[in-house]
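Q: Could you walk me through this one? I'd like to go topic by topic and ask as we go.

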There are 2 protein chains.
Amino acid sequence: MNSEHIDVRQHILDTAKPIILGKGFSAVGLNEILTAANVPKGSFYHYFKSKEAFGEALLEHYFANYCERLDSIFNTQDATAGERMLAYWASWLETQSCDDRDGQCLTVKLAAEVSDLSESMRGSLLRGTEQLLARIALCLSEGERDGSLPHYANCEQTALQLYEMWLGATLLTKIRRDRSALEAAMQSTRFILKMN
Amino acid sequence: MNSEHIDVRQHILDTAKPIILGKGFSAVGLNEILTAANVPKGSFYHYFKSKEAFGEALLEHYFANYCERLDSIFNTQDATAGERMLAYWASWLETQSCDDRDGQCLTVKLAAEVSDLSESMRGSLLRGTEQLLARIALCLSEGERDGSLPHYANCEQTALQLYEMWLGATLLTKIRRDRSALEAAMQSTRFILKMN
DNA sequence: CGCAACTAGACGACTGGTCTAATAAAGGAT
DNA sequence: ATCCTTTATTAGACCAGTCGTCTAGTTGCG
């Protein structure tokens with residue numbers, strides 16, 4: 001019934017994610033996804049109104065998950081805001097530098113390709129990245145208060161600077177296929193956070 | 001004859017660039033490119049061995065052009081290295097924030113999509129970005145010497161930090177469709193260059 | 001039983017990249 | 001100038017694959 005409904009829908013999304021992380025959005029056909037998920041084609045259009053709507057759902061789900069993970073890092077009270085901040089970027093480095101699909105960043109993979117292709121998917125990306133940025137900025141301001149981070153003229157601006165840098169580093173990692181770009185970002189981050 | 005040969009080939013590349021800048025690599029068919037260029041389909045495989053080889057040529061040509069433009073900015077002796085540096089990033093901001101296709105950045109558009117798709121295109125991107133980084137790092141070190149920029153522990157590291165930030169900012173610009181991300185990058189850049 | 005949710009997969013109309021076979025052009029030799 | 005060879009260029013066939021539709025069939029709950 002309803003739980004089954006959600007299961008199949010979710011199963012399609014879960015199966016699709018690593019495939020799309022590998023090949024992108026346009027280059028993957030529904031066939032490939034559906035045979036991998038053992039779901040017949042007829043079902044797909046029962047759960048999603050179109051490939052585009054499916055892509056939007058994929059992103060929406062991705063960001064929901066991501067924000068949860070983010071909160072579990074940022075809401076710990078066992079560490080200073082500075083330590084939490086550093087832990088976040090360290091986890092970014094690890095997840096993006098290893099070859100494990102599924103852990104990789106959908107934002108980096110799809111942003112450029114999809115933003116010009118679909119307004120609704122661009123909307124998902126926009127909302128998702130704004131949420132992310134808000135959480136980073138919040139943690140920075142907490143760091144100002146608990147003294148674990150320096151005082152910034154503008155937390156939003158600093159959060160944006162960091163996020164931009166890590167997005168770019170992840171993009172370069174796709175080109176380089178090594179950790180160098182991410183490690184450089186880590187070093188710069190330590191410096192910006194004055195935690196080196 | 002031979003000059004004609006190169007002309008047609010070049011004409012295909014020139015026509016393709018804005019189209020691919022808009023839709024990406026996989027989502028664009030040869031048909032669309034070739035009809036736009038008024039070149040029959042059969043001719044394509046006379047000039048390029050495959051779509052992938054064509055993509056590689058596109059990137060190769062793009063970076064060759066880009067490096068020329070870069071050199072024309074960086075080799076001016078009328079300005080300090082710091083001013084040249086700032087002029088470069090300012091031009092990045094302008095070209096990437098306006099809607100004008102053709103001026104936009106192929107690296108940002110294609111890196112994520114293509115790096116996992118084609119080794120040869122990834123190779124082009126790798127060589128191109130390394131050239132770019134080398135030029136930026138060189139300009140930074142000239143700035144150290146002529147006193148227009150601060151002394152950096154490592155010019156390559158700083159160049160990489162800046163480039164990563166601007167790549168990320170450009171990616172975010174595709175999502176946001178406004179100048180905010182690039183302007184934030186500009187502000188951070190001024191700060192890093194100590195030119196604010 | 002009835003009605004909804006869901007599955008099955010054939011089908012249509014089309015586009016994808018690739019390749020072979022035919023044509024056009026060019027160059028050289030007589 | 002004419003013929004022949006050789007290369008440059010093109011037309012279109014080819015088939016696998018695309019997204020999306022649609023009808024039949026199955027399942028399961030009230």
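Q: Where do B:Tyr62 and B:Tyr66 lie?
A: Both are in helix H4 (residues 51-74) of chain B, four residues apart, which is about one turn of the helix. Helices here are DSSP runs of H or I of at least four residues, and strands are runs of E of at least two, numbered from the N terminus. This is a predicted model, in which local features need pLDDT of at least 70 and side-chain atom pairs count only at pLDDT 80 or more, while totals for chains, interfaces and linings use all residues. Residues are numbered from 1 along each chain as its sequence is written, chains are lettered from A and ligands numbered from 1 in the order in which they are written, and side-chain values use heavy atoms, with hydrogens and water left out.

Q: How many aromatic pairs are there over all chains, and why is the pair B:Tyr62 and B:Tyr66 tilted?
A: The structure holds 26 aromatic pairs over all chains. The ring centres of B:Tyr62 and B:Tyr66 are 5.8 Å apart and the planes are at 50 degrees, so this pair is tilted. Rings of Phe, Tyr and Trp (its six-membered ring) pair if their centres lie within 6.5 Å, and planes under 30 degrees apart count as stacked, over 60 as edge-to-face and the rest as tilted.

Q: OK, new topic: how many residues of chain A are in contact with chain B?
A: On chain A, 44 residues are in contact (heavy atoms within 4.5 Å) with 44 residues of chain B. The two chains bury about 3,600 Å² between them, 57% of it on carbon and sulfur atoms; buried area is the accessible area (1.4 Å probe) that two parts lose on being put together, summed over both. In chain A, the residues losing the most area to chain B are A:Asp116, A:Glu164 and A:Ile175, together 18% of what that side buries.

Q: And how many salt bridges does the rule find across that interface?
A: The rule finds 12 salt bridges across the interface of chain A and chain B, where a salt bridge is a side-chain nitrogen of Lys or Arg within 4 Å of a carboxyl oxygen of Asp or Glu. One of them joins the side chains of A:Asp116 and B:Lys109, at 2.8 Å from N to O.

Q: Which helix gives the most to the side of chain A that touches chain B?
A: Helices H1 (2-23), H6 (106-115), H7 (119-146), H8 (155-176) and H9 (180-192) of chain A each supply at least two residues of that side. H8(A) gives the most, with 14 residues.

Q: Last one: where does B:Ser50 lie?
A: B:Ser50 is in the loop between H3 and H4 of chain B, and its side chain reaches the backbone nitrogen of B:Ala53 at 3.1 Å. Leaving aside neighbours within four places in sequence, B:Ser50 is in contact with B:Phe44 and B:Tyr45.

Technical notes:
A polar contact is a pair of N or O atoms within 3.5 Å; within protein, one must be able to donate a hydrogen and the other to accept it, and residues adjacent in sequence count only if both atoms are side-chain atoms.
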